Amino acid sequence: MDIIKSRHSIRKYTDEQISREDLEKILEAGNYAPNAGGGQRSMMVALHNKELTRKLGIMNLAKFNRGNLVGSYVSKEQPSVIDDPTMKDGFYGAPTVIAIFSQGNFLLKTADAFCMAENIVLQATELGIASCIISRGEETFDSEEGRTLMKEWAVPDNYICQGFVVLGYIDGEQPVSKPRKPGRVQIIE
Ligand SMILES: Cc1cc2nc3c(=O)[nH]c(=O)nc-3n(C[C@H](O)[C@H](O)[C@H](O)COP(=O)(O)O)c2cc1C
């Protein structure tokens, strides 16, 4: 419970890279996530390189129209790309990103991918590493450049990116969780 409650979506990172050893542990946690039917149809590609991560982070926002979201409030302490439309890097300068891909024709592809993402962020928290889940997976690779990267990384043709987890060390203070909305939990006996 301590790890669950101390995980926050972090959107300000220092330049310090996480270690390869920690990244491998985090990927192992993702690899042991629950997955529909035991089919293990999702896969991860980790970019452990700040320049590559930034390049992909810019691709992540390239086609994102934030115009209709102005005024949405995500976080006061950790403003998101929706809160601050001047941001160019959808990965917030984090030095590492894990892209999660799932088999495109599988009904539960998104659920599988986000079980993986949850294992990743919790393992990262245990290691003192900050994280943020990022969406717009499919759009990020929807270009010649994106398709070329997927080929280079040997992602099967029928796989679709479902999202990302960015990783690094927090720049600044830990944010505080928003109060939980009432009425979201019931116990029936
Ligand atoms: C499916 C999903 C997609 C998300 N996509 C983004 C995103 O693209 N960019 C971002 O800054 N945060 C993203 N988040 C993080 C949420 O904004 C964050 O979880 C929420 O504001 C609650 O804050 P907390 O994670 O610190 O508790 C995403 C979270 C989930 C679960």
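Two strands are said to pair if DSSP finds at least two bridges between them. In this predicted model, strands S2 and S4 meet that condition, with eight bridges in the antiparallel sense. Within this pairing, Ile 100 stands opposite Gly 163 of S4. Strand S2, residues 96-103, also pairs with strand S1, residues 42-47, through six bridges, and these two strands likewise run antiparallel. Here Ile 100 of S2 is the bridge partner of Met 44. Seven of the eight residues of S2 are buried, so the strand is largely enclosed by the rest of the structure.

Strand S4, residues 159-168, is also joined to strand S3 by five bridges, again in the antiparallel sense. In this pair Cys 132 lies opposite Val 166 of S4. Strand S3 covers residues 130-134, and four of its five residues are buried, so S3 too is largely enclosed by the rest of the structure.

Cys 132 is also among the residues touched by Arg 11, as are Val 74, Ser 75, Gln 78, Pro 79, Ser 80 and Tyr 92. These contacts leave out residues up to four places away in sequence. Arg 11 is located in the loop between helix H1 (2-6) and helix H2 (20-31). Arg 11 is buried but forms no salt bridge. The nearest side chain of opposite charge belongs to Asp 83, at 5.8 Å, whereas a salt bridge requires the charged atoms to be within 4 Å.

Arg 11 does, however, face the ligand through a polar atom: an N or O atom of the Arg 11 side chain is 2.7 Å from an oxygen atom of the ligand. For Arg 7, a polar side-chain atom is 2.8 Å from a ligand oxygen atom. For Ser 135, the distance from an N or O atom of the side chain to an oxygen atom of the ligand is 3.0 Å.

Conventions. Residues are numbered from 1 along each chain as its sequence is written. This is a predicted model: local features need pLDDT of at least 70, side-chain atom pairs count only at pLDDT 80 or more; totals for chains, interfaces and linings use all residues. Side-chain values use heavy atoms; hydrogens and water are left out. Buried means under 20% relative accessible area, exposed over 50%, partly exposed in between (1.4 Å probe, protein chains only). Lys and Arg count as positive and Asp and Glu as negative; His and the chain ends are not counted. Contact means heavy atoms within 4.5 Å. A polar contact is a pair of N or O atoms within 3.5 Å; within protein, one must be able to donate a hydrogen and the other to accept it, and residues adjacent in sequence count only if both atoms are side-chain atoms.
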